[in-house]
Number of protein chains: 4
Amino acid sequence: LSNREEARSTPTTVGAIASDALAYTAGRDIELDLELVVADCLGTAAHVRMLAGMPLEPPILTPAEVDQVIRELGAIMEDHRMGRFEIQLADQDIHLAVERRLTERLGDVGMRIHTGRSRNDQVALDLRLYAKDQLLGWIEDMANLTASLLRLARQEEATPMVGRTHMQKAMPSSVGLWASAFAEGLQDDTVVVTTAYELNDRNPLGSAAGYGVPLPIDRGRVTRSLGLRRTIHNVLHAGHTRGKNEAAILQAAGQVMITLSRLSQDLILFSMPEFGYFSLPAEFGTGSSIMPQKNNPDVLELLRARAARVLGHGATVLEILRGSASGYNRDLQEVKQPFLEGIAMTRSSTRILEPIIDGLLVHRDALERAFTAEVFATDHVLDQVARGMPFREAYHRVKAGLDDLSRQDPREAIARKRHEGATAGLDFDAYDRRLEEIRLFVREEREGFEHAVSSLMETDGSKGHHH
Amino acid sequence: LSNREEARSTPTTVGAIASDALAYTAGRDIELDLELVVADCLGTAAHVRMLAGMPLEPPILTPAEVDQVIRELGAIMEDHRMGRFEIQLADQDIHLAVERRLTERLGDVGMRIHTGRSRNDQVALDLRLYAKDQLLGWIEDMANLTASLLRLARQEEATPMVGRTHMQKAMPSSVGLWASAFAEGLQDDTVVVTTAYELNDRNPLGSAAGYGVPLPIDRGRVTRSLGLRRTIHNVLHAGHTRGKNEAAILQAAGQVMITLSRLSQDLILFSMPEFGYFSLPAEFGTGSSIMPQKNNPDVLELLRARAARVLGHGATVLEILRGSASGYNRDLQEVKQPFLEGIAMTRSSTRILEPIIDGLLVHRDALERAFTAEVFATDHVLDQVARGMPFREAYHRVKAGLDDLSRQDPREAIARKRHEGATAGLDFDAYDRRLEEIRLFVREEREGFEHAVSSLMETDGSKGHHH
Amino acid sequence: LSNREEARSTPTTVGAIASDALAYTAGRDIELDLELVVADCLGTAAHVRMLAGMPLEPPILTPAEVDQVIRELGAIMEDHRMGRFEIQLADQDIHLAVERRLTERLGDVGMRIHTGRSRNDQVALDLRLYAKDQLLGWIEDMANLTASLLRLARQEEATPMVGRTHMQKAMPSSVGLWASAFAEGLQDDTVVVTTAYELNDRNPLGSAAGYGVPLPIDRGRVTRSLGLRRTIHNVLHAGHTRGKNEAAILQAAGQVMITLSRLSQDLILFSMPEFGYFSLPAEFGTGSSIMPQKNNPDVLELLRARAARVLGHGATVLEILRGSASGYNRDLQEVKQPFLEGIAMTRSSTRILEPIIDGLLVHRDALERAFTAEVFATDHVLDQVARGMPFREAYHRVKAGLDDLSRQDPREAIARKRHEGATAGLDFDAYDRRLEEIRLFVREEREGFEHAVSSLMETDGSKGHHH
Amino acid sequence: LSNREEARSTPTTVGAIASDALAYTAGRDIELDLELVVADCLGTAAHVRMLAGMPLEPPILTPAEVDQVIRELGAIMEDHRMGRFEIQLADQDIHLAVERRLTERLGDVGMRIHTGRSRNDQVALDLRLYAKDQLLGWIEDMANLTASLLRLARQEEATPMVGRTHMQKAMPSSVGLWASAFAEGLQDDTVVVTTAYELNDRNPLGSAAGYGVPLPIDRGRVTRSLGLRRTIHNVLHAGHTRGKNEAAILQAAGQVMITLSRLSQDLILFSMPEFGYFSLPAEFGTGSSIMPQKNNPDVLELLRARAARVLGHGATVLEILRGSASGYNRDLQEVKQPFLEGIAMTRSSTRILEPIIDGLLVHRDALERAFTAEVFATDHVLDQVARGMPFREAYHRVKAGLDDLSRQDPREAIARKRHEGATAGLDFDAYDRRLEEIRLFVREEREGFEHAVSSLMETDGSKGHHH
């Protein structure tokens, strides 16, 4: 395999930096930073508008220069949309790539834009803007999957399904209870994701290298022009939230992946021929290169493993932070890949389950066949309790006579559990109302964000376009 | 070391269970469950009151029998307070230990109390009640440490301290900025802990084995009588929150431990003789068994490592859940030790830092001595920017003349950074207001909880006592 | 729950150390160190003999004084065996507890024993001696479980069992192949555990605080008198192996727990009524507090979760080490609990599976019933290949005619796979030979260790006993 | 940021598989599998030669057909070397891409090559061949860094350096002791990496889908023709080693990264101006976008964080395996990225440190200046011990008189510690011998591998070339 061996290259330097060191430090940033192009342009636009407004004479930038910069940022965003924007190795990252482009096109003006900020607070802002957009899409993905699960639950509300504990048959349950349990799980997870969204929705910019600047910058103005909720106050703390914010988002992702991986595990189990409760939609199974008969639940298996990867990414990010000294440390760069991959894996996993749930075939006969007599043992106990026998005594009597237990009608059994949250006590309207609230939240947040962004990027020229 | 080798014992059985299996399954539960005695008694009290209120004829329990049970539960709590309550190996856990005691003392009445619930939803409730109490104390611990940090920050607001990035000298900063950064960090972490508190503040009881019961139980009544915020609706989902709830709390603990371990790392570094910025209070250092001169920051080193342990516990709990099939699985028992240890380590770590911050000696001379000329390089750049030079040009000019940089007055340098959140722009009143809100929240929650608990445990007899 | 709230105690000091700090730093050491009593005594015995042999005038200890110390160490070991040896909070750890006892009983002599060593290299040695003993027992545990699996495999060599991939039916297999796969897994794992054993079998003592001493200590003599393989050369490196050695052992434990948890998962699945291949021995199942019919595989579920805990412990230990500065750091103390728990959980998990495998009921009829026609699809393909058809063509033909596939005789199907390592090509003699080698290795190592220890602890008095 | 939002695409199908499912299941395999092209071709060559040798009539392949296949595999390898070989989405992975190419070029012959194997055992073999090559390079990387550290250690053997514990000044030490401690650390780590190499050096092929085939395949022949050490016996176990083998390699990587990250942490600390012991070579530092004076140790910080990532990858892989049912599960695909990234990060981290150590400037004056009087406290104690005073008494005397301690000559202090492994007792020849053994091992293994590979790929045509 020697041909794949890289030659031990003679060390060379690029500028003052060893080429080896440059490759080692850039890592995968040049590729990963492409995800941040739009965010970086928006952040720069807000910064530039604020710089121009500072009470300095002469001003850092004139209104006309601001318009120039904004237009050029718009052009970068357009180039990126067309796949034409590139980050070069010498740029090291998106921030210097944008500054270089602005300087190439606008000369002196481009050399002014980095006033009063550092790449450290820039990337912190970029990641937050990126995450804001992703989180809104993600909450929507979760709402869509919740809706699919609730549709299934309503439709199969009266379909019996053996409830299990320890993976063994336990008590009468229903497909409706099973499906809506995961829907409610996602609604709980949305609380965690929404908290992460709110913690994320803050502006770190103005921290510069973490210690502020002796210039009259207006951090609140940047916050408002980006449609963010508030400014992170202490500038050193602003730097410290880098990594921690990503960790909080990955922790939320972990909660979601737990819910999804448990749902996947159930779908794998219950679609095995030994159970036969469900069939996955045929177009979501894959075959084997050697066994012609196979139709495997690969998507669900991969999801189960990707849950492990998202959890691993979250744990890694937390560990990178633990015990690091205050102020920026370059270690933080290694947060980026786990963060971006973690979000992407969580969102694609959420999305892929939606058509699987929508296309799930429910085999009611197989579900009913599984109701053997012992499933009703606890119901027998509780019937005797209802007639006055102490619970523990009834329990021991039924236990002693397990062989004589009679099978009951499973449909009747699940209809009898009417208390809150039981098979016959599910409040689907409440689930729907909660879903509607979530969708409304996403809609309003997205509108606010888009409104801020479009005001921010508006120039005399662009306004002209509308006439 | 052969004497410590356990003999390979001949297998025996306890009841129907192999003694090996019993030891393996009980694990450390008998010891750990002692933490849950009060919670288990309160949960049982609420359950019993609800059982008695069910519209059944004859009722499961009469009002007089309820009083008997409540009084006996009070006695168990009192025995526990005195260190007299024990869980036996044959009990396996706190739930059966309490049921056994009630049955021994109250006969038939004791045999009725387990009606309509299982140990699985009992332990879920117990852990939530335990956590409710712990979380309130924990938020208070955090508030206390925040107050100490703010006191230090205010007092040293004008004390210069070199700000660092990459652990290298970067820009002028202050002890006030440094200390309040950690205070603000704790205030952010409180948001995460409070979300965990609210997710925890729900009642899972009534799930029974996860599938509800064919009895007219009133889950909302239990919720109210325990002073909890709401009932977890879907009973299967109620079971699924076991472990996930603990994971969310441990995730919050992880966020806190990151803040504390970074603070500790700074204290270790900055109290090294090479820096000499701070001295730790003498009574928090420990010596060496061989080197007579040593005074080591053991507490801070241990805290750094315990942060790793809390993170590890959080990761373990999430993994135990990942990919598990729906319904209760015994795997969940292994969540208990990491959960209890994680809370305990986080709280003791928060508490131990408070007297260290309170007793910290700040060496202003050493702090000022560290201000060598290059610390002011960026200030020089920005001064030229303020006079009209493009930033990037000023940057390159200063870089070219680094050897000629002049040292400035550090006190003046930090006084010049006046924008929001910078050394001279810190809003201590806002920090205090936030702290007051947090303290108020804890006070109100605790009062509500205590009020509910005391109503719950009130019997005719106990009311009599007040006359 | 306020009664469990600890009062916020007024800080006091014990000696020069705050009582809070003492409690925080001692952590659980006082309890955990009881595991190390014997190891600490042996290490001290070896150290004392070496001290007495140093070419100093006067010698640190005379031969008679050495005998005194050795006898007292023997008495401590005996007290420990009887449960009478205690570590007090003021001792902080086992090392000072032993030194205190020796000084109380032997005066001046006790004050000499700590010459040329520190607690750091003492605990490093203690953990290695403890681990040496544990690892030998552990390898034996693994050999015993391997033997049980091989017994099962031989007995059921010709019992058909559907082989699965993606948890779906794949191809004909046998119980013999299945059981011996786990046996071979354990034999591979033994390679990893044995490497850990050999890395562990080294003497760190003489590092003192990590930098050696200006005394003519003879480290090799200590190594030999404890029956260890070699001395760790560089004294700073000796300190650096603390934690890393434990991590390597926990990594080996992780490999073992993977094998055991996969075996457990299979046993859980295949003993579900839907499969019915196996029944677990009745005395290893446990019941439910609410459902009288339940017999749950709790041991196996707990094992699955304990695998997660052992992995978590391993990850935590590695993280505690990562990025720590050279030389001893107190962070290392936090390695102890995960290490001791990790070893204990791995050993008890290995041991508990042995009687489960020995008592497993194999239901041959259920195993055969599972052989539906599609299980033979690949065999049909390969039959056509053997007759000259290109594989991919045969594959597509069989795939097109899946509905017409005929069931074959499963016993014949597994008898036809005769190549190395297939159902009819298993080499049980090779497995047995390997097992014998492993047992021999353990026996020889243990004898060598016991021989060294008994020479070490021999005194004039004890020799006298033998006459 | 809406332009980056992917449209919620209408589901379509590719063949029988939903396009969403295909994208989700392929993941990053198409890109990652490019690392495995050579390995896949070699594995196929060995398999094809074995197939042709099976005693079947007609044979699966004639000698001429084998030559055709081998030549075409050589052409694929050549195309790959030139960057011209591509894996298409419809191929899903390297295995089908190679089969497709062979079938396109060789028709019927290509359709025969998958006889008796599955993609599962193919990828298992590919990863082992890939790892074999990587591990040999990696051990060599480690040897090179060890050599650099030993060079430094020898050169600075007599250069005093304050030894630290708890990051505080402890006892006299030397740069030689410090540098050789890391060298010895790497030599220990090589033991772990070598064990991983030996466990990896086994042939899983012939497992097919995990259950063997009813064909007279000769697994040992494949093993020998690939230059591997042995065949994994049990075919189901062969499948079970997938993931576990990668985990063992990542565990070894974890051990190495611990050593490297501790070295990096020391280099970061000791090159801070407050210490000034070392200067990193200028071309390995990087600047700041805002602070002109900065020269940061970015490489070392990133290494510290990449250690966390390698540990995280290892933990993730272990968790993917834990509790999975026997036989292949698709979850295993997610092992690939952490595995490939983990190896790459470990190797590049090892390599980047070599020029940093080689170019390190050692500031002997700063190192000596750090020797304040208290560093000699323990030496004073031990001097009194050597003159007959009990250690604990001498310790307390020195402790009582710490303020009067005299500074000694550090060069003399380190010259006095002459026992094995102390500052004046380092055995550099032994280090060199061990290094030579390691290099010899790599050389012999590589030659054996290359010899096997070149025999394997030799065809009548290629032999012709040599004439």
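I started with a contact between chains: A:Arg392 and B:Glu99 make a salt bridge, and their closest N and O atoms are 2.7 Å apart. By salt bridge I mean a side-chain nitrogen of Lys or Arg within 4 Å of a carboxyl oxygen of Asp or Glu. A:Arg392 sits in helix α14 (residues 391–400) of chain A, and B:Glu99 in helix α5 (residues 94–106) of chain B.

Ground rules for myself. This is a predicted model, where local features need pLDDT of at least 70 and side-chain atom pairs count only at pLDDT 80 or more, while totals for chains, interfaces and linings use all residues. Residues are numbered from 1 along each chain as its sequence is written, chains are lettered from A and ligands numbered from 1 in the order in which they are written, and side-chain values use heavy atoms, with hydrogens and water left out. Helices (H or I, at least four residues) and strands (E, at least two) are DSSP runs, numbered from the N terminus.

**Copies**

How is chain A superposed on chain B? I get a rotation of 180° with 0.0 Å of shift along its axis, at an RMSD of 0.0 Å. Contact here means heavy atoms within 4.5 Å.

Chain D goes onto chain A by a rotation of 180° too, with 0.0 Å of shift along the axis and an RMSD of 0.0 Å. The two copies are therefore related as by a two-fold rotation axis. The residue of chain D that comes closest to this axis is D:Gly312, with its C-alpha at 2.9 Å.

**Helix pairs**

Next I looked at α10 (residues 298–321) in chains C and D, whose axes come within 11 Å and cross at roughly 170°. Axes are lines fitted to C-alpha atoms, for helices over the stretch in contact, and angles run from 0 to 180 degrees between N-to-C directions. So α10(C) is roughly antiparallel to α10(D). My classes: under 35 degrees is roughly parallel, over 145 roughly antiparallel, 65 to 115 roughly perpendicular, and the rest oblique. Among the residues meeting here are C:Leu311 and C:Leu318 from α10(C), and D:Leu311 and D:Leu318 from α10(D).

Within chain D, α9 (residues 235–270) packs on α10 at about 160°, with the axes 8 Å apart. That makes α9(D) and α10(D) roughly antiparallel as well.

In chain C, α13 (residues 377–386) and α14 (residues 391–400) pack at about 135°, with axes 9 Å apart. This makes α13(C) oblique to α14(C). Residues that meet include C:His380 and C:Leu382 of α13(C), with C:Phe391 and C:Tyr395 of α14(C).

Where does B:Pro58 lie? I found B:Pro58 in the loop between α3 (37–53) and α4 (63–81) of chain B.

Last one: A:Ala208 has a positive phi, near 55°, though the residue is not glycine. A:Ala208 belongs to the loop between β5 (202–203) and α8 (219–225) of chain A.

How values were computed. Copies are superposed by least squares on the C-alpha atoms of residues with pLDDT of at least 70 in both.
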